Amino acid sequence: MQLRETPLWTITVASALMATGVAQQTGPAYDPQLAPLRSMRCGCNVHPGQGSHLAFSPSDCAFSTNLTTSEYDPGVLYEINVVVHVISNSMTAGAISDQDIIEQIERLNEDFSGQTLGQGNNAGIRFRFATEDPSGAPTNGITRTVNDVWFQDVGGYASALSWDSRRYMNVFTLDVGGGLTGYVPNVPQGGAVGSTSDRIVMDYEAINDSEFKWVLAHEVGHYLGLFHTWSGNTCSNTICHAQGDLICDTAPHRDPTQICTVNQFSCSVVEPSHNFMNYLDITCVYEFTPVQIQRMRCTLENWRSSLATIADVGVSYCQATPNSSGMIGRMSATGSPVASANSLTMTASSLPPNQFGIFVTSRDQGFVPGGGGTSNGNICLGGLIGRLNRPGEIKATGPTGEFTLLIDLTGLPQGNGVASVAMGETWNFQAWHRDGVGLGSNFTEGLEVVFQ
Ligand SMILES: [Zn+2]
């Protein structure tokens, strides 16, 4: 049974390309399906049987099976450091602007957070430009190289330019050729991690072209272990975790859908006409399915364990006054900004040791110096302020001068009642704490969280 693009395609595709007048690809291998069907498409080269030689064997999202469950649903927000290597030629072809690259990464973040076309699912994965290069030097996450050979996607550019591919997502922009918009040489489960083939290659014209802004999300899907929705070119789906794309919540179909016509039925069921891992156009592609998201997060956790960091959630605001330790009380949050995930942990830190405190929250920001009474601190909240002082919520700073709480987003105190946090809402948090002897107290700074 053929589950994947097979190495034999090289022969198939060469003749297919000749027949359509497209120059034969001389660089890395790519999919047989794409070139005859439409110009400017992705190619990825994954070979069966390469995935089992890594020392660790995260079988939940292996090369040939996918057994992910809800334990891989979005929880903490993962952040991936990206470096974009721009290769241009001596005629300045390929010298795309920083602004084009920044917009492309912004679009990638929209695609992965489920915002595209106002639909989609949030993967809980965010991409940011690297701020330090492998030597620790400051960087904007974009490198530029002029090389006429490398620009044509040949030669040793990957080994010369790649930053540690275990810690950075290396994206190269150059002239891919062959009518392709981009490709990924291999998936992590194929043994790519840490090698020079562990990279994403994008055609510079695709970066520049609004029609192809979604393609990077497609390539990152491969980079995080996903296959095409029509992988295997079969309608067989009786063992959905081991056939086709290995994903049980994508409908089987045999060939790329290509056009945004809803309700196409190559396998007697509606094709996944909005899926990033199909071949579609920008007017209708907007989603990774929940199981695709599980597989990408499983891949990050088990196959790319050095790549992502857990992102802080929220943005600090409002000036706090120093507490008796001499420091400004800080607020931070980790976990998921997805309201329905209900897994956000608040931390108040830089506080005096061995004091008790609570978190307070409101939909509104405000500023009341002196806490409106005996406090030395400032209230940074307005409107209906709720106190998280129910059983289990009253905390002590202990010897480290900090406390944490997994807050319950289904019942946040708001004034005299409780409220359930909904997607799109902004909530503000602060911590109040006793400060030294007597009735002295203080507040931390504020933290604004926009929930998704
Ligand atoms: Zn692809």
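A residue counts as buried if 20 or more other C-beta atoms lie within 10 Å of its own, as exposed if 12 or fewer do, and as partly exposed in between, with C-beta atoms placed from the backbone. Hi everyone, keep that in mind while we look at this one. It is a predicted model, where local features need pLDDT of at least 70, side-chain atom pairs count only at pLDDT 80 or more, and totals for chains, interfaces and linings use all residues. Residues are numbered from 1 along each chain as its sequence is written.

Let's start with helix H6. Helices (H or I, at least four residues) and strands (E, at least two) are DSSP runs, numbered from the N terminus. Nine of the nine residues of H6, residues 215–223, are buried, so this helix is largely enclosed by the rest of the structure. Among them are His 218, Glu 219 and His 222. After H6 comes Gly 225, with a positive phi near 95°.

Four strands form an open sheet in the order E9-E11-E12-E18, with antiparallel pairing (two strands pair if DSSP finds at least two bridges between them). E9 (312–313) and E18 (403–407) are at the edges with a single partner strand each, so one side of each has no neighbour in the sheet. E9 pairs with E11 (residues 330–335) over two bridges, and Val 313 has Ala 333 as its bridge partner in E11.
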